[in-house]
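Hi,

Here is the structure I promised to pass on to you. Have a look at it first, and then read on for my notes.

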Amino acid sequence: MSQFAGHMLGKNRGGEVNAEDAFKGKKVALYFSASWCGDCTPITAKLATLYEMINEDGDEDLEVCWVTSDETEEDMKQYMKKHGDYLHVKYDDELRVELIKKYGCFGGRHVERYAGIERKSGVPAVVIINKAGDVLQFNGVQDLETKGPEAASAWGKWD
């Protein structure tokens, strides 16, 4: 069973969707970032552009799921305006913290908060996963920076 089973994800432009339905047959990129992270701003823009380019034909091969490290839901909502029209784990959903811990992607300011959790990456981080939650690609940010729009071509699918 997927770690997303039974979870509803928010849509950045409003509404919600069942996570497993949204991911079926697509490449799934978890995007760990926060409004307070200066390094996140250019990656957010690149990821939004990539998402729009890949999905512009209506075929929607890529789904991005934003996992925020913002301190408040209001901070998240304000930062969401800079994101693409993709999905996000709701601020008050326990899945948000579970994903941060599982993949070890959190900012240096949160090291004490997640004491005992191996920090594998700060923010921003883009992690490509499959349905079982296995990491298919951990260096999605590096891919975006070096390959641009071609980054997603090597990323595996959810199913």
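Predicted model: local features only at pLDDT ≥ 70, side-chain atom pairs only at ≥ 80, totals over all residues.

Let me start with the cysteines. Searching the whole structure turns up one disulfide. The bond links C37 and C40, with an S to S distance of 2.5 Å. Which hand does the disulfide of C37 and C40 have? The torsion about its S-S bond is about 85°, so the disulfide is right-handed. As for solvent, C37 has a relative accessibility of 7% and therefore counts as buried. C40 is buried as well, with a value of 0%.

Two further cysteines are not paired. C65 takes part in no disulfide, and the nearest cysteine sulfur to it belongs to C105, 13 Å away. With 0% relative accessibility, C65 counts as buried. C105 is also in no disulfide, and here the nearest cysteine sulfur is that of C40, at 11 Å. The relative accessible area of C105 is 0%, so this residue is buried too.

Next, the packing of helix 2 (residues 40-55) with helix 5 (residues 140-147). The axes of these two helices come within 10 Å and cross at roughly 75°. Angles of 65 to 115 degrees count as roughly perpendicular, and helix 2 and helix 5 are therefore roughly perpendicular to each other. Which residues make the contact? From helix 2 they are I43, K46, L47 and L50, while helix 5 supplies V141, L144 and E145. By type, the residues in this contact of helix 2 with helix 5 are five nonpolar and two charged, with no polar ones.

G140, V141, D143 and L144 are its buried residues. Viewed down the axis of helix 5, these buried residues fall within an arc of 160°, so they line one face of the helix. E145 and T146, on the other side of helix 5, are exposed. What do the buried residues of helix 5 pack against? Their partners are helix 2, strand 6 and strand 7 (135-137). Just after helix 5 comes G148, which has a positive phi of about 60°.

Helix 3 (residues 73-80) can be read in a similar way. M76, Y79 and M80 are buried there. Around the axis of helix 3 they span an arc of only 105°, which puts them on the same side of the helix. The elements covering the buried residues of helix 3 include strand 3 (27-33), helix 2, strand 4 (62-68) and strand 5 (87-88).

Finally, a loop residue. Where does R109 lie? R109 is in the loop between helix 4 (94-103) and strand 6 (125-129). Leaving out residues up to four places away in sequence, R109 touches W36 and E71. For R109 and E71, the separation is 38 residues in sequence and 11 Å in space, C-alpha to C-alpha.

That is what I have for now, and I would be glad to hear your thoughts.

Best wishes

Technical notes
Residues numbered from 1 in each chain as written. Heavy atoms only, no water. Axes fitted to C-alpha atoms, helices over the stretch in contact; angles between N-to-C directions. Helix = DSSP H or I, 4+ residues; strand = E, 2+ residues; numbered from the N terminus. Parallel < 35°, antiparallel > 145°, perpendicular 65-115°, else oblique. Contact = heavy atoms within 4.5 Å. Nonpolar A, V, L, I, M, F, W, Y, C, P; charged D, E, K, R; others polar. Disulfide = S-S within 2.5 Å. Buried < 20%, exposed > 50% of the residue type's maximum accessible area, 1.4 Å probe, protein only. Arc of directions from axis to C-beta.
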